[in-house]
Amino acid sequence: MTQIVPYSLHNSLGYQVSRTARLLERGFETELRRIGLTRLSWCTLLAVENEGLRHPSDIAEFIGIDRTATSRALKGMEEAGLISREKEPKTNGGDGRSKLISVTVKGKDLLRIGTEAARANADKFEAKLSESQLEEFLALLLCLQQDEGSELSHI
């Protein structure tokens with residue numbers, strides 16, 4: 001009879017990676033909530049302001065979510081005064097139905113504060129590792145992700 005070796009949850013890679021990810025996310029998302037953003041709204045602001053993406057479909061692809069979720073997020077962000085949506089002029093090759101997204105002054109301010117929070121949160125965790133440990137850790141994470149497909153959302 002084959003003896004089943006007990007599974008050591010707390011020593012498993014999956015448990016430790018998930019726990020670490022939740023710790024990283026918790027600190028950052030707490031700061032985002034404090035300033036009135038969600039991870040999705042912050043990523044959307046990044047997509048538009050930093051990446052120059054102005055079409056909802058491009059934003060959805062960048063973030064890794066579907067168009068319906070993007071549309072809901074954009075509507076809420078517009079109501080909150082973070083973005084503006086305007087019809088794309090037909091002279092730009094558009095069909096007059098497509099919307100172009102822009103970040104408002106309020107959105108830019110919150111993006112700046114959110115980015116500072118993201119950097120501070122990352123710095124807090126990265127400071128626990130030496131430079132070589134951090135480089136090796138990031139390389140190992142990329143190695144683990146290799147050949148696993150890209151069906152997960154980016155956020």
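**Helix contacts and a ring pair**

Reply: Start with a contact in this predicted model. Leu-23, Leu-24, Gly-27, Phe-28, Glu-31, Leu-32 and Ile-35 of helix α1 meet helix α5. On the α5 side are Leu-110, Ile-113, Gly-114, Ala-117, Ala-118, Asn-121 and Phe-125. By class, the residues of this contact are 10 nonpolar, three polar and one charged.

Me: Why is α1 called roughly antiparallel to α5?

Reply: Look at the angle. The axes of α1 (residues 13–35) and α5 (residues 105–126) cross at roughly 155 degrees. Angles over 145 count as roughly antiparallel. So α1 is roughly antiparallel to α5. The two axes come within 10 Å, and the crossing of α1 past α5 is right-handed.

Me: What makes α2 and α5 roughly perpendicular to each other?

Reply: Again, the angle. α2 and α5 pack at about 110 degrees. The range for roughly perpendicular is 65 to 115. Therefore α2 and α5 are roughly perpendicular. Their axes are 10 Å apart, and α2 passes α5 in a left-handed crossing.

Me: Which residues make the contact of α2 and α5?

Reply: From α2 come Trp-42, Leu-45, Leu-46, Glu-49 and Asn-50. From α5 come Gly-107, Lys-108, Leu-111, Gly-114, Thr-115 and Ala-118. Five are nonpolar, four polar and two charged.

Me: How many aromatic pairs does a search of the whole structure find?

Reply: The search finds one.

Me: Why is the pair of Phe-28 and Trp-42 called edge-to-face?

Reply: Two values decide. The ring centres of Phe-28 and Trp-42 are 4.9 Å apart, and rings pair if their centres lie within 6.5 Å. The planes stand at 75 degrees, and over 60 counts as edge-to-face. So the pair is edge-to-face.

Me: What makes this pair a link between distant parts of the chain?

Reply: Phe-28 sits in helix α1 and Trp-42 in helix α2 (residues 39–50). They are 14 residues apart. Phe-28 and Trp-42 are both buried.

Me: How do you know that Thr-44 is buried?

Reply: Thr-44 has a relative accessible area of 2%. Buried means under 20%. So Thr-44 is buried. Thr-44 lies in helix α2.

Me: What does Thr-44 touch, not counting residues up to four places away in sequence?

Reply: Thr-44 touches Ile-59, Ile-63, Leu-74 and Met-77.

Me: Where is Asp-66 relative to Thr-44?

Reply: The two are 22 residues apart in sequence. In space, Thr-44 and Asp-66 are 13 Å apart, C-alpha to C-alpha.

Conventions. Residues are numbered from 1 along each chain as its sequence is written. This is a predicted model: local features need pLDDT of at least 70, side-chain atom pairs count only at pLDDT 80 or more; totals for chains, interfaces and linings use all residues. Side-chain values use heavy atoms; hydrogens and water are left out. Axes are lines fitted to C-alpha atoms, for helices over the stretch in contact, and angles run from 0 to 180 degrees between N-to-C directions. Helices (H or I, at least four residues) and strands (E, at least two) are DSSP runs, numbered from the N terminus. Angles under 35 degrees count as roughly parallel, over 145 as roughly antiparallel, 65 to 115 as roughly perpendicular and the rest as oblique. A crossing is left-handed if the near helix is turned anticlockwise from the far one by less than a right angle, and right-handed if clockwise. Contact means heavy atoms within 4.5 Å. Ala, Val, Leu, Ile, Met, Phe, Trp, Tyr, Cys and Pro count as nonpolar, Asp, Glu, Lys and Arg as charged, and the others, Gly among them, as polar. Rings of Phe, Tyr and Trp (its six-membered ring) pair if their centres lie within 6.5 Å; planes under 30 degrees apart count as stacked, over 60 as edge-to-face and the rest as tilted. Buried means under 20% relative accessible area, exposed over 50%, partly exposed in between (1.4 Å probe, protein chains only).
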